[in-house]
Amino acid sequence: MGCGKEHGNLFNFLTLRIQQELQMFPEDKRYDMARVMYGLTNRVRFLTGEDLTKVSADNFGSYIAIPGGTVHIPVGFVGVLSPLIKELPECCVKFGKPVGLIRWGAVQSRKKGPRAIVQCCDGEEYCADYVVITVSLGVLKEHADKMFCPALPGNKMEAIGALGYGNVDKIFLDYDKPFWVWSEGGIKFAWSPDELAQRTDWTKGLVSVEEVEGSKHVLCAFISGPESVIMEQMSDEQVAEGITKLLRQFTGDASLPYPSTILRSKWASDPYFCGSYSYMNINSNVGHQCDLSCPVPGSCDPVPPILLFAGEATCAGHHSTVHGARLSGIREAERIIQLTKKFGGPPPQL
Ligand SMILES: Cc1cc2nc3c(=O)[nH]c(=O)nc-3n(C[C@H](O)[C@H](O)[C@H](O)COP(=O)(O)OP(=O)(O)OC[C@H]3O[C@@H](n4cnc5c(N)ncnc54)[C@H](O)[C@@H]3O)c2cc1C
């Protein structure tokens, strides 16, 4: 992809390629092969969390796959963070303290006050030389217009609007009597193109059901796109019913049991996430990711930066990943170190 060519949306791009590939198979194999290939498009969908008709085919390739494969962290990210947290002074990280408003720059200068004041939803305020904003792009889309005073510059708001933010969820299914052979591998749903064209049912967003490492009685179903948002609104019973019906349909075994318990994420409905991760939609490009990552005020402004932006969506090439989020945090920490060196300490007050 690339070379300045416009390939439109990823669904049309993949459909064209699939049709070309299908011609290579004997006619009697094409229906089954189509199911396999279209089923795999649902897996591609999981990488963006959005319907592929909204994803840019040209910019999909801007994502850089890093070598090393997938690493499973047994105790979760606490294991990665705890050595760093140990180095921090006690109580300097505040948990359960949502920020409602960030007053910065021009507004502060009238009072000859600090460069920024971070106001929490419980009313408590913190003065700051720099504020690193790491809320998700989903939260920025919902709240950026009321979260900053003065408002963010036009190009920042445009980037927030243009970049896509998708949704994926995991549904854990706990069975009293496991029905599968342990370690046999998961089920990937081979949807036909006709089935996928009629996305009337939320279960069409289900990508696969996999065994959970270390457990012999829990499966995990992966779901993405608008169907995952619908799933979040349903009751546990409805979700268990839908997945069981689907498993019975795809395995041909009408006696498969219902799970005894289910546990699922609800990233889209969580007000502190508003979705799962960013993607490049048909209206966005790498320039928007760069605009999102730029500090405010910008480099042409005489006032040194006050608002710094980090988080996966600000990391061009590595968006939607943990390593992208980490790299962006290091980038902004480095920026503060360089500014501190430049000013020989805190930045000049306004
Ligand atoms: C199901 C699923 C599977 C994934 N699998 C992988 C994977 O295998 N590999 C991979 O690399 N990535 C994966 N990701 C993506 C990865 O989790 C994200 O890219 C990463 O967590 C983004 O980190 P972040 O710091 O940018 O944002 P977030 O993790 O969204 O952190 C933002 C923080 O801001 C806080 N916040 C929000 N609003 C406020 C407010 N008003 N005041 C104060 N704080 C606020 C939130 O509570 C949150 O702690 C997956 C994501 C999902 C949902």
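A crossing of two helices is called right-handed if the near helix is turned clockwise from the far one by less than a right angle, and left-handed if anticlockwise. In this predicted model, helix α1 passes helix α2 in a right-handed crossing.

**The α1–α2 pair**

- The axes of α1 (residues 10–22) and α2 (residues 27–48) come within 11 Å and cross at roughly 155°; because angles over 145 degrees count as roughly antiparallel, α1 is roughly antiparallel to α2.
- On the α1 side the contact involves Leu10, Leu14, Thr15, Ile18, Gln19, Glu21 and Leu22, which meet Arg30, Met33, Ala34, Met37, Tyr38, Thr41 and Val44 of α2.
- Sorted by class, this contact of α1 with α2 comprises 9 nonpolar, 3 polar and 2 charged residues.

**The largest nonpolar core**

- This core has 27 residues, of which Ile171, Leu173, Trp202, Leu206, Val239 and Ile243 touch the most other members.
- At least two residues of the core come from each of α1, α2, β7 (168–174), β9 (206–211), β10 (218–224) and α10 (236–251), and α10 gives the most, with 5 residues.

**Cysteine 315**

- Cysteine 315 lies in the loop between β13 (307–309) and α12 (322–343), and it counts as buried because its relative accessibility is 8%, where the cut-off is under 20%.
- Leaving aside residues up to four places away in sequence, cysteine 315 touches Gly324, Leu327, Ser328 and Arg331.
- Serine 293 is 22 residues from cysteine 315 in sequence, and their C-alpha atoms are 7.3 Å apart in space.

Key:
Residues are numbered from 1 along each chain as its sequence is written. This is a predicted model: local features need pLDDT of at least 70, side-chain atom pairs count only at pLDDT 80 or more; totals for chains, interfaces and linings use all residues. Side-chain values use heavy atoms; hydrogens and water are left out. Axes are lines fitted to C-alpha atoms, for helices over the stretch in contact, and angles run from 0 to 180 degrees between N-to-C directions. Helices (H or I, at least four residues) and strands (E, at least two) are DSSP runs, numbered from the N terminus. Angles under 35 degrees count as roughly parallel, over 145 as roughly antiparallel, 65 to 115 as roughly perpendicular and the rest as oblique. Contact means heavy atoms within 4.5 Å. Ala, Val, Leu, Ile, Met, Phe, Trp, Tyr, Cys and Pro count as nonpolar, Asp, Glu, Lys and Arg as charged, and the others, Gly among them, as polar. Buried means under 20% relative accessible area, exposed over 50%, partly exposed in between (1.4 Å probe, protein chains only). A nonpolar core is a set of buried Ala, Val, Leu, Ile, Met, Phe, Trp, Tyr and Cys residues joined through side-chain atoms within 4.5 Å.
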